[in-house]
Amino acid sequence: MSPSHALELVLTPADDAQVRSRWGALEAAGVASLARHRGSTHRPHLTVASSPHAPGEQVLAAALELWAPLLPLPLEVSGLVLLGGRRLTIAELVAAPLSARRAQAVLAQQWEGADQRPWVPHVSLAARLTVDDAGAALSALADDRWASPAVEGGRTLTVRGLRWWDPQVQSVSAVVGAAA
């Protein structure tokens, strides 16, 4: 099975740095985080939709039309979530407003072969964890200074752009906003 194309929301520089700091907290605790991913285009992101097929011009035009009015978009961090089965992913779960959920649903419907499972907006921190690793990760993240409620009203991550990840050429292309 070949890697999937993806439309991804990217964060502001400050929020990108915050997520990278969470990756660092995991590494300091001995948990393999996404900081180890050395791809030149790798950065914290939220996947909006993915498909084994490249998005056609119609899908990219729809993405621009749907997401341009929404960006930049602050998303409230709801907490940590564990995703998966035998191997787990730990992520920051974010609460996406109805406008973003609608935009995601339209793109997934229009894109041939797109994953039709319900969208769980999140920013991954570590992947392919055992249950023991997940426990260590949760402990490390609970102790991380960024996890404390220092900001009144909760924490947010702001997305500022949408990009297309093309696995065939290992590159990204901006679709809307600052998405490099």
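Buried residues make up 44% of the 180 residues in this chain. Keep in mind as you look around that this is a predicted model.

Let's start with the overall build. The secondary structure comes to four helices and seven strands. How does the radius of gyration compare with that of a compact globule? For 180 residues, such a globule would have a value near 16 Å, and the chain has 16 Å, so the two agree. Along the principal axes, the C-alpha trace spans about 45 × 40 × 30 Å.

Now for the end of the pattern. Strand S6 covers residues 156-166 and strand S7 covers residues 171-177; they pair in the antiparallel sense over six bridges. Together S6 and S7 form a hairpin, with four residues between them. Asp-166 stands opposite Ser-171 in S7. In the turn sits Gln-170, which has a positive phi of about 55 degrees.

Two loop residues are worth a visit. Ala-114 lies in the loop between helix H3 (98-110) and strand S5 (122-129), while Leu-34 is found in the loop between helix H1 (13-28) and strand S2 (45-51). Are they buried or exposed? The cut-off for buried is under 20% relative accessible area. Ala-114 has 8%, so this residue is buried. Leu-34 has 18%, so Leu-34 is buried as well.

| Pair | Separation in sequence | C-alpha to C-alpha distance |
|---|---|---|
| Ala-114 and Ala-17 | 97 residues | 30 Å |
| Leu-34 and Ala-126 | 92 residues | 5.2 Å |

Which residues do these two touch, leaving aside anything up to four places away in sequence? Ala-114 touches Ser-50, Ser-51 and Ala-108. For Leu-34, the list is Trp-23, His-42, Ser-124, Leu-125, Ala-126 and Ala-127. Ala-126, then, turns up both as a contact of Leu-34 and as its partner at 5.2 Å, C-alpha to C-alpha.

Definitions and conventions:
Residues numbered from 1 in each chain as written. Predicted model: local features only at pLDDT ≥ 70, side-chain atom pairs only at ≥ 80, totals over all residues. Heavy atoms only, no water. Rg over C-alpha atoms; globule rule 2.2 N^0.38 Å. Buried < 20%, exposed > 50% of the residue type's maximum accessible area, 1.4 Å probe, protein only. Pairing = 2+ DSSP bridges. Contact = heavy atoms within 4.5 Å.
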